[in-house]
Amino acid sequence: MSHNVLVVDDEPKLCDLLSSALSQNEIEVYTAGNGLQALAILEQEAIDLVISDWRMPGMDGPQLLAEVKLRYPHVPVIVMTAYSTVKNAVQSMRNGAYDYISKPFDIDELDITVSKALQFRDILCDNARMRAELDEHQHIDSLVGDSASFRRVLQAIDSVRESNATILLTGESGTGKEMVARAIHKHGSRADKPFVAVNCAAIPEGLLESEMFGHRKGAFTGAVADRVGRFMQADKGTLFLDEVGDMPLALQAKILRALQERVIEPVGDPRERKVDVRVIAATNKNLLQAVANKEFREDLYYRLNVFPIPLPALRERVEDITPLARHFAHNLGATAGKRISGFSPGALQAMARYHWPGNIRELQNCVERAIIVATSSTIQDSDLPPYLFSAQPGQGSALLAPGPGVPPDLEAALAEVEKAYILSALQQANGVQAAAAQLIGISERSFWYRLKKLDIHVDKIVR
């Protein structure tokens, strides 16, 4: 199987040397002189592995590593560093690099490291593909629960699924907004058409317009080919705009025009293109507050909020925790090759008492971990993560204990709580970010986004 490898170094001779060495192993090599050039190539080509120097002008190795992990989580990164800067290599590993090689490097060592990294990448992609196929069959079945608050969600889905009205899903992270969006699509009149999901918070601001509307070749530096945007990809189907509250104001005006007039204009192309998409937006932010703060357009808010569906937090539907846990145990147990018959009373009580700040996503990750460590067909309380038992009944942490009065700034208060959870998870995971993300029940990509949003520097935490 051939692979595409991107070598990033400001020394052309080193790029040529690596290209010559790697090309002998059925590898197509792309080269870039700095991080910005590398990102432009990553946007256009299906790159399987990045080998990057640590020190470069402009965007250096650590910055490029952060961007690759954020935008292309399945692409491993190998860092090149000098013998005298092994500390940098160790830090890069903590920040998500697959491995490092020291300069000057041995060709045999390089071949072994690259081979292992590509095998790792293939495994990640295979797992993601299998999980996607599994999720595709489970999305609608995963709408599990019989609480009054969740029944209202199911009724709303049934009411709007055949409509073309724009829908706004609101709720905390992990409450299942994309799952609900997929259920609406699958049960609606556009079920046989594309469902295209865009995480507005995970795409750099400078690339959002191109991502949404596409671009023509030569429209900007790095646009080496035409690109079809997400609106055109979703034509006749459903476009899911996740984390829409994080969309920059400049793009909001263009999204509003696309929704109102059903036309788009690719970057660098003056011709308008008609599109027929059903838009479902989602956010964990208070958009009305964002409107008041001039951070979100009022006209776009009302255009998106045609049919609002608020999703309850898991702590607000405690009676659904047991059926959800059993549902995840049944499906995830089968995937792991284990037959799980249920949970012990102690395990169910522990899950019912916990606050679940990560909501359904955290519960699913908790059950998956318990399945891995379980030694019998019944999950015991000892199989559950220890942090479930460190919280007081009904609370995920003492941080969430009610204090006197109401916070004067809810967004700032929530940000402090979120930051405290992330810092605690990083400490427990000894700075390993993938493990910390799993501890609090969010994806590694979302974890990276939150680190940037909350200005958390991992190197200062795990010195």
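Predicted model: local features only at pLDDT ≥ 70, side-chain atom pairs only at ≥ 80, totals over all residues.
Visitor: Where does Leu384 lie, and which residues is it in contact with, leaving aside its neighbours within four places in sequence?

Guide: Leu384 lies in the loop between β16 (378-379) and α16 (387-390). Leaving aside neighbours within four places in sequence, its contacts are Ala347, Ala350, Met351, Cys366, Arg369, Ala370, Ile379 and Phe389.

Visitor: On to aromatic rings. How is a pair of them described?

Guide: You give two things, the distance of the centres and the angle of the planes. A search of the whole structure turns up 6 aromatic pairs. Take Phe195 and Phe240: their ring centres are 6.1 Å apart and the planes are at 25°, so this pair is stacked. The cut-off behind that word is planes under 30 degrees apart.

Visitor: Which parts does the pair of Phe195 and Phe240 tie together?

Guide: Phe195 is in strand β7 (residues 195-199) and Phe240 is in strand β10 (residues 238-242), so the pair ties together parts that are 45 residues apart in sequence. Both Phe195 and Phe240 are buried.

Visitor: What about Tyr301 and Tyr302?

Guide: Tyr301 and Tyr302 form an edge-to-face aromatic pair, with 5.0 Å centre to centre and 70° between the planes. Tyr301 is buried at a relative accessible area of 10%, whereas Tyr302 counts as partly exposed at 48% relative accessibility. Elsewhere, ring pairs link Tyr354, Trp356 and Tyr387 into a cluster.

Visitor: And which residue lies over the face of Phe150?

Guide: That's Arg317, at 4.0 Å from the ring centre of Phe150.

Visitor: Now a sheet. In what order do the 5 strands of the open sheet come?

Guide: Read across, the order is β7-β10-β13-β6-β14, and the pairing is parallel. Strands β7 and β14 (307-310) stand at the edges with a single partner strand each, so one side of each is left without a neighbour in the sheet. On average, neighbouring strands in this sheet are turned by 20° against each other, direction ignored.

Visitor: Over how many bridges do β6 and β13 pair?

Guide: Strand β6 (residues 167-170) and strand β13 (residues 278-283) pair in the parallel sense over 4 bridges. To find one of these in the structure, look at Leu169, whose bridge partner in β13 is Ala282.

Visitor: Can we try a residue in β10?

Guide: Thr238 lies in that strand. Its relative accessible area is 1%, so Thr238 is buried. Not counting residues up to four places away in sequence, Thr238 touches His185, Arg190, Pro194, Phe195, Val196, Arg278 and Ile280.

Visitor: How do I read a helix? Which residues of α1 are buried?

Guide: In helix α1 (residues 12-22), the buried residues are Leu14, Cys15, Leu18, Ser19, Ala21 and Leu22. Looking down the axis of α1, the buried residues fall within an arc of 165°, so they line one face of the helix. Pro12, Lys13 and Asp16 are exposed on the other side of α1.

Visitor: Last topic, the backbone. What do most residues and peptide bonds do?

Guide: Most residues other than glycine have a negative phi, and most peptide bonds are trans. Here the peptide bond from Lys103 to Pro104 is cis, with omega near -10°. Pro104 sits in the loop between β5 (99-103) and α5 (107-138).

Visitor: What is the phi of Arg262, and what is that of Asp455?

Guide: Arg262 is not a glycine, yet its phi is positive, at about 60°. Arg262 lies in the loop between α10 (249-261) and β11 (263-264), and it counts as partly exposed at 29% relative accessibility. Asp455, also not a glycine, has a positive phi of about 55°. Asp455 is in the loop between α19 (444-453) and α20 (458-461) and is exposed, with a relative accessible area of 51%.

How values were computed
Residues numbered from 1 in each chain as written. Heavy atoms only, no water. Phe/Tyr/Trp six-rings, centres within 6.5 Å; stacked < 30°, edge-to-face > 60°. Helix = DSSP H or I, 4+ residues; strand = E, 2+ residues; numbered from the N terminus. Buried < 20%, exposed > 50% of the residue type's maximum accessible area, 1.4 Å probe, protein only. Lys NZ or Arg CZ within 6 Å of the ring centre and 35° of its normal. Arc of directions from axis to C-beta. Pairing = 2+ DSSP bridges. Axes fitted to C-alpha atoms, helices over the stretch in contact; angles between N-to-C directions. Contact = heavy atoms within 4.5 Å.
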